[in-house]
Every structure is written in C-alpha cells, then in structure tokens.
Amino acid sequence: MSKSTFPIECMNEIFKHFKNDKSSLHSCLLVNRLWCRTIIPILWSRTFSLIQTSIKESLDLIKIYLTFLNEEEKQLRNYHPELYPTFKETLFNYPSFLKEFHYETIFSIIKYWVKTMIITTPRSHNTDINKSSHMISQSLFKMFLRNNSKIYLINIKLFEDIPDLPYNLPNLKEFFSNLKIFHFSVDLKSFHNLSNTRSFLKSLSQSCNTLSQIFIDSHFNNDNDNDIFLNIIKSQRNIKKFIINSHGNLPKQILNLIINQSSLVLIHFIDTKFNNLFPFEILLNCNNLKYLLIVNCHEYDNNNNNNSSSSSNNISITSSSSSSSSPSSSSSSLTSCSSIHSLTSNDIKCKIDTLHLKNNYFLPLTISNLIQLSGINLTTLCLDRTTSYIILSKPLSIHCPNITHLILTLDSISFFQSIQSIISNLNLKYFGIRSFGWTNELISDLGNYLPISLKYLELSCFFDYEALYLLLKNCKCKLRGLSMIIFNDDYLRFIIDYAKSNDEFVLLGIDGFLSEEYELKFLKRLKEETNVKIVEQDEIKYESSPMYFDYQFKR
C-alpha cells in the first residue's frame, strides 16, 4: 500500500503511541506534509505536560501562545509591550489542539516569562511581576476558550499566589464537550475569595456530564462550596475513577453519592475522617469496583472519641467454618451492631483486585474484614506498619489465595519471623518489604522461603551486603527485578555474581542514596559484565503490574 492511500485514521492511531516521545514525533513530522498535519495536533495536545523539565522549551512555548492573544487580551500592552512577542503568522492554530489544561503550570511559566522580560524599578518589581503574571495567565485561559480548544483534562490548582480564573469566560459548553478528567485542588484560605472559580465550577456541573475521572482536594467546611462539588458529581453519568482528599470530615451527602456510583472502578480516599466506621456499603453498591485505596484516613465514633474502644459499632465477620452453634455460621457475614445491618459475601457484587492501605487509624476488625471480603478476587495487597500486624496471625492464602503482588511494612522482629507463614502457598510475582530498622536476620533467611513464582523483589529496608549475599545464594526463584534503597561496591559485587548465574535478571531499582557519579560508575560495570540496567523503582512496579501503576500513580 502506498503512503498516499494509507488511511489517515490508521496513521493517527500509530502516532498516538508516541505521544510521550517528542523527539520521535519531531523527526516524523519532517517526512512529508501529510505526516506533519497528522503529528502536529498530537505534539501540541499535551504541551504543558511535556515541557516542565526545560525552561527554554517552556519560554518558547509561551512565546508562541502569546502571539495568539487578540488586542483585547493584551491588557498590558500599553505598560509592558515587551511582554508580547511580535506577531508571526503560523501554519497552524496551535491553541486549538490543546487537550490537557494545567492552570498552575501555565501560571508558573508565565511568571518566569514576566521575570525574564519585564522592565521595572526595584521597588515595584515583585508587585508588577505578580500583577502582570495574573493578568496574562487569565488572558491565555480566555484565548484557549476562544480558539475552541476541546479539552480532555483540566487540572486547576489554586494555592498561594495563583490567581483566580478570569471573569465571564466564553464558550464553556464547547470547552467542556470532550472533558473526561477533572482535577481540582484548593487551599482553605483562598477558596472563599475565588468567585470566578466558583462560577466556573458551577458551569461545569451544568454543562458537563462526561467525566470519567474526578480528583478533588479541598476542605469541605462550607455548605455552599460543598453543594458545588455535590452537583458536579451528581451530573456525571459514568465516573470510573474518584480520588478525594477532604483534609478531615467528608460531608455525608458527598460520601453517600460516591459510594453509590455503580460505575466506579477505583476509589481513593486521602486524609478523610469517616463519621463512625468505614462505609462497607462501597462493596455492596459499587458493582464494578476493582481498586480501593485508603491513605491517612480515620474511623471516628461520634459517641466515643477513642477509636479503639468503639466496640458497639464493630463490624464482625463470621466464616462458614465457624461453630455450628452460631446462627450465622452457614455463610460469611458482616454485621454492624449499631445499624443491625447484615452483609454477606454473596451480596458483594464487586471484585476487589487491589487493596492499598496506608497510615490509617482504623479498628483492626475493619482492616481484617476488608481483606477477607476481598477474598479470592484480591491480587494486590499493600499494608503499611499500622495495619500489617493484623494479618500476621495466619497465612494470607486462607482468605486471599490469588494474591500475586504483596507489599508489607514491618517494624518488629516478631513480624519478621512471621513472613514465612504469611506468604506460604502464595504464587507471588512481586513482593515488597519495607522497614525503618535493620533487617539483617530477615533478609539473610528470606531466600529460603521466597516462592518459586517470584519475579520482582522490593527491599525498602536496611541490611548489610552479607545478608544480600545469603538471600541471593539461597533464592530458588529466578528474579527479573530487584529494588533496594542502599547500595555500594560491596552490594554490586553480589548483584553481578547473581546476574551471571541468572540470565533473567535485568532490572536493578535503586531509590535514593546514590550520587550521579556512583550511578555512572555502577552502570559502566553492569554494562561490561551483565545485561542489568539501573532503573527507577517505579519502572519495576509498572512492569510487574501496569494496570495497578496506571491507576495509582497517573493523575
């Protein structure tokens, strides 16, 4: 098939796979005019996501966008004409291609541009820079709207000196027509003074019902503001992913709305206080839920401020193997004494694949029930030191036999001694141990009972090189990747020896404590003697479980 008859739709789909590779896209657009017309919209769709590592690229980008401002939008032209580049005719309407809008990033780049270009007296310098940066940021926002940018993602962070959105924005309905991802973060002090932003959010609730991902980071202590967020959530038809950081109490209306979204695939609670117990209704109502992440959250009993003693509200689970004298022994059931509500495992329609629990202040029974009710569907479990001890009394395989990815944070020798029991009979692919103390005894013995299925091992703990030697010597599984937080020549020697005996071992993740000089030195030795490459720890996590990585880390 000749290049002239190759469908443009196919070419577009191919080039989209290179959306994060600017260099390759730049090379491809030089091939011919057709390729250029196809690639330019892709290259300019995520400009504020791709330029943050280069100041020069950032300034060049802003310079181009500023040429698209009309005369009305050049509010400072009479005072600071140097801020506006001389108009040059372009082949493309670049602003119309924008798909991801990051307001904080725009403001940061504009502020740097103003600092670079503006001519001021020392006394008025900071005032002029802030005022000019605010006005130009708002003008650019209007310009993107005027050019019919059909945004796919909006990320608005309003902290410190980031300005309010501009007043009386045009074409909002068109602007929202393709919107799928909405991120909004605001600090406690500023939201009360952001009248234009509040109007923007109200328009969003009225004009957009297409959101699939919502992230809200706000203090929910004002009823009027709460209603704005409530209406945004209510108006959506098919939310797949919801992340919320409430910095304390989450209004009951909003919580009820979230936990009754049957379309949700992921829920991520951050720094949230639940009035009473964690809402187990999530497991009943969110039929499609697969990912449940809970970080820095609290169960709070209104009648008793001491969480650990709120036994009257306990939710209890009874296994089918319990004594036959129990009336509920015929099935696994969850009972809240305070609400006289029973929930059996047969009632749970969702299939929790991933459970991520970190720094939570929950009743032990809540954690235990979450794990047990996830049951055979659970493949990824991450527990920090505040919750790990709950599962140490018996093997995980009793309730969750299909776990392949397990991360535990431990801070006691007694916990270390339970590791073998915990992971017995699990076909683990990824196993992570995190600890804040020295773990020589654990690491030295770990190789003797790591499952043969294991491919990736994370050791975010402290141990000496002799412990590493014994681990690798006794390890029966063939690791593909190993992550560590300490490293030097002594550790490297054993890594090289292991790589020579295991040709599947190709990834070494090192997090911190490694200077650029040492990294280059180690890379050189690894390249000369093995096929191992040094990578970020996240790269190993991504390779072991791409879907989990995408949901947890991409926002």
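Buried means under 20% relative accessible area, exposed over 50% and partly exposed in between, with a 1.4 Å probe and protein chains only. By that cut-off, the buried residues of H18 are Tyr491, Leu492, Phe494, Ile495, Ile496, Tyr498 and Ala499. This is a predicted model: local features need pLDDT of at least 70, side-chain atom pairs count only at pLDDT 80 or more, and totals for chains, interfaces and linings use all residues. Residues are numbered from 1 along each chain as its sequence is written, and side-chain values use heavy atoms, without hydrogens and water.

**Helix H18**
- H18 covers residues 489-501, 13 residues in total.
- Its first and last C-alpha atoms lie 19 Å apart, close to the 18 Å expected at 1.5 Å a residue.
- Asparagine 488 caps the N-terminal end of H18. One of its side-chain oxygens lies 2.9 Å from the backbone nitrogen of aspartate 490.

**Helices H5 and H6**
- H5 (residues 55-66) packs against H6 (residues 103-117) at an angle of about 90°, with the axes 10 Å apart.
- The two helices are therefore roughly perpendicular, a class that runs from 65 to 115 degrees.
- On the H5 side, Ile55, Ser58, Leu59, Ile62, Lys63 and Leu66 make the contact (heavy atoms within 4.5 Å). They meet Ile109, Ile110, Tyr112, Trp113 and Thr116 in H6.
- The contact residues divide into 8 nonpolar, 2 polar and 1 charged.

**Asparagine 226**
- Asparagine 226 lies in helix H10 (residues 223-234).
- At 9% relative accessibility, asparagine 226 counts as buried.
- Leaving out residues up to four places away in sequence, asparagine 226 touches Phe220, Asn221, Pro251 and Ile254.

Conventions. Helix = DSSP H or I, 4+ residues; strand = E, 2+ residues; numbered from the N terminus. Axes fitted to C-alpha atoms, helices over the stretch in contact; angles between N-to-C directions. Parallel < 35°, antiparallel > 145°, perpendicular 65-115°, else oblique. Nonpolar A, V, L, I, M, F, W, Y, C, P; charged D, E, K, R; others polar. Expected span 1.5 Å × (residues − 1). Polar contact = N/O pair within 3.5 Å; in protein donor to acceptor, adjacent residues only side chain to side chain.
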